[in-house]
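Work through the following exercises with the sequence and the model side by side, and compare each step with the solution given.

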Amino acid sequence: MSIPYLSVKNLSREFKAQGRTVRAVDNVSFEIPVGTTFSLVGESGCGKTTLVRVIAGLDKASAGSMQFGAPLDGRVHRTQMIFQDPYASLNPRWRVGDAIAEPITFQHLRLPTDVKQRVEDLLVRVGLAAADTAKFPHEFSGGQRQRVSIARAGG
Ligand SMILES: Nc1ncnc2c1ncn2[C@@H]1O[C@H](COP(=O)(O)OP(=O)(O)OP(=O)(O)O)[C@@H](O)[C@H]1O
Ligand SMILES: [Mg+2]
């Protein structure tokens, strides 16, 4: 059997507040095979965001473990988050072109001279326009802002 992209084993996350313990994620295990799409579905408040925050390293598990599989074909695993609320996750003072360029530059995904073209291509791929690079997040609709976040995760 091939190594999964991600294995999560018996993962739990508890929050303690006002003397009470909330078990937001309770003993969750699953594997995501390489090259597949995985949907985590459940009612509001069941722990999806908490689980994904732990997987992304934004929070720590109370118990259990998780592991990303070995790199394939020399490529590095690159996991990107697209947050639930794009108005909270995009900096309102940054033009969207700069917001999309930042992870590309930070992770050295393109030569500096190619970053502008890559940003425009990503915007077009999510159904926006190359000229939108100069706009600020508040100039977009909610759905368009979410597409900006998707373009930003495209890197
Ligand atoms: N920092 C925290 N402190 C205390 N409780 C929390 C914290 N974060 C989440 N919770 C609780 O953990 C539970 C799971 O929350 P979570 O945000 O993971 O749900 P979700 O499945 O993403 O919901 P939704 O579909 O509404 O986004 C909820 O009961 C929530 O109140
Ligand atoms: Mg959520």
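**Exercise 1.** Determine what covers the buried residues of helix H1, and on which side of H1 those residues lie.

*Solution.* The cover includes strand E1 (6–17) and strand E2 (20–32), where helices (H or I, at least four residues) and strands (E, at least two) are DSSP runs numbered from the N terminus. A residue is buried if 20 or more other C-beta atoms, placed from the backbone, lie within 10 Å of its own, and in H1, which takes in residues 48–55, the buried residues are Thr50, Leu51 and Val54. They cover an arc of only 100° around the axis, and therefore sit on the same side of H1; the arc is that of the directions from the helix axis to the C-beta atoms. Just after H1, Gly57 adopts a positive phi of about 85°.

The model is a predicted one, in which local features need pLDDT of at least 70 and side-chain atom pairs count only at pLDDT 80 or more, while totals for chains, interfaces and linings use all residues. Residues are numbered from 1 along each chain as its sequence is written, and chains are lettered from A and ligands numbered from 1 in the order in which they are written.

**Exercise 2.** Describe the order of the elements and the division of the protein chain into domains.

*Solution.* The protein chain has five helices and three strands, which run β-β-α-β-α-α-α-α from the N terminus on. An automatic or database domain assignment gives domain 1 (6–68) and domain 2 (86–154), and the C-alpha centres of domain 1 and domain 2 are 29 Å apart.

Key
Buried ≥ 20, exposed ≤ 12 C-beta atoms within 10 Å, placed from the backbone. Contact = placed C-beta atoms within 7 Å.
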